[in-house]
Amino acid sequence: RQVCGEELEILVSALSRSDRPVRELHLSRCALGMEGAVQMGKALTANTTLTSLDLSANELCGSYNSDGEFEFDSAGLSAITSAVSTHPTLAALDVSGGLMIQNLSSYDVPAILQALRQSTSLTFLNMSASDRANDVGIGSSGGVQLASALRDNAMLRVLWLSGNALGAEAGAAMAVMLHHNKTLRDLDLRATSLGRGGVRIVSVLASNSTLECIQLALNVLGEEVVLPSQLLLSSNTALNTLDISLNGLSEGSVASLREYNQGRERVLKLVV
């Protein structure tokens with residue numbers, strides 16, 4: 001349902017009160033829109049207690065016009081992420097299905113990346129794309145920039161990006177990021193069109209000692225991912241979940257990977 005007008009004013013006022021601190025706020029599918037996001041950003045600036053904010057399925061980057069075309073406006077997202085970047089307690093932010101940016105690099109300095117670089121509290125970020133056919137989320141360029149921002153990030157532990165059309169180039173950038181990042185524990189890259197970029201990610205994970213869960217289903221990885229997966233299963237002791245399902249592997253390859261997994265000292269959750 002839509003949250004606007006007097007109801008939105010009440011929410012904004014509640015966030016700035018210190019006598020009744022708000023710890024969690026769930027506003028999924030509330031049709032906040034760009035204007036509502038701007039108001040929420042202002043409220044967050046005055047808040048010092050919130051730890052979790054769910055803004056999923058809200059069109060934070062603009063709105064659809066009467067012709068059904070999406071008109072981009074960065075004011076809402078910028079207001080939210082600007083507040084997040086300096087918020088002292090916010091640990092979890094969900095903006096899934098609300099970005100609709102098409103190509104993040106086409107606009108000014110990406111606000112969400114600025115927040116990641118500056119935040120000293122954010123540990124969970126959900127930027128998964130919506131299920132709309134024309135929603136490519138942050139796109140390839142946005143994925144490359146995001147990977148760069150996370151390379152030396154020491155706060156974020158969980159990142160969900162499913163459904164974003166990242167592509168092979170962003171996948172390769174994510175692989176480089178995972179080679180350097182020592183903080184990330186959970187990475188969801190399902191259905192992000194990684195192709196060979198996804199294979200590079202699996203290859204890098206053989207030497208990654210911190211990531212515990214990675215989901216790479218529906219990425220057209222093909223048989224090329226089998227050998228890197230075998231090496232990963234043989235050498236990685238930190239990972240407990242590996243999902244490479246729905247990637248066109250043969251029955252023989254699936255059986256081989258399951259055999260490798262059973263031969264580990266600590267069997268992980270393998271989805272193939």
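Student: At what angle do H3 and helix H4 cross, and within what distance do their axes come?

Tutor: This is a predicted model. The axes of H3 and helix H4 (residues 111-118) cross at roughly 5° and come within 8 Å.

Student: Why are H3 and H4 called roughly parallel?

Tutor: Set the angle against the cut-off. The crossing is roughly 5°. Angles under 35 degrees count as roughly parallel. H3 and H4 are therefore roughly parallel to each other.

Student: Which residues make the contact of H3 and H4?

Tutor: H3 brings Leu77, Ser78, Thr81, Val84 and Ser85. H4 brings Ala111, Ile112, Gln114, Ala115 and Gln118.

Student: What makes H2 roughly parallel to H3?

Tutor: Again, the angle. Helix H2 (residues 33-46) packs on helix H3 (residues 75-86) at about 15°, and their axes are 7 Å apart. The cut-off is under 35 degrees, and that makes H2 roughly parallel to H3. The crossing of H2 past H3 is left-handed.

Student: Which residues of H2 and H3 make the contact?

Tutor: From H2 come Met34, Ala37, Val38, Met40, Gly41, Leu44 and Thr45. From H3 come Ala75, Gly76, Ala79, Ile80 and Ala83. The contact of H2 with H3 has 9 nonpolar and 3 polar residues, with no charged ones.

Student: Which residues of H7 and H8 meet?

Tutor: Val199, Val202 and Ser203 in H7 meet Pro228, Ser229 and Leu232 in H8. The classes in the contact of H7 with H8 are 4 nonpolar, 2 polar and no charged.

Student: Now the largest pocket. What is its volume, and which residues line it?

Tutor: The volume is about 240 Å³. The lining consists of Arg29, Ser56, Ala57, Glu59, Ser96, Gly97, Ser128, Ala129, Ser130, Asp131 and Arg132.

Student: How do the lining residues of the largest pocket divide by class?

Tutor: Into 2 nonpolar, 5 polar and 4 charged. Asp, Glu, Lys and Arg count as charged. Arg29, Glu59, Asp131 and Arg132 are among the lining residues.

Conventions
Residues numbered from 1 in each chain as written. Predicted model: local features only at pLDDT ≥ 70, side-chain atom pairs only at ≥ 80, totals over all residues. Heavy atoms only, no water. 1 Å grid on protein atoms, 1.4 Å probe; cavity = no way out; pocket = protein on both sides within 12 Å on 5 of 7 lines; lining within 4 Å. Points joined across faces, edges and corners; volume = space filled by probe spheres on them. Axes fitted to C-alpha atoms, helices over the stretch in contact; angles between N-to-C directions. Helix = DSSP H or I, 4+ residues; strand = E, 2+ residues; numbered from the N terminus. Parallel < 35°, antiparallel > 145°, perpendicular 65-115°, else oblique. Left-handed = near helix turned anticlockwise from the far one by under 90°. Contact = heavy atoms within 4.5 Å.
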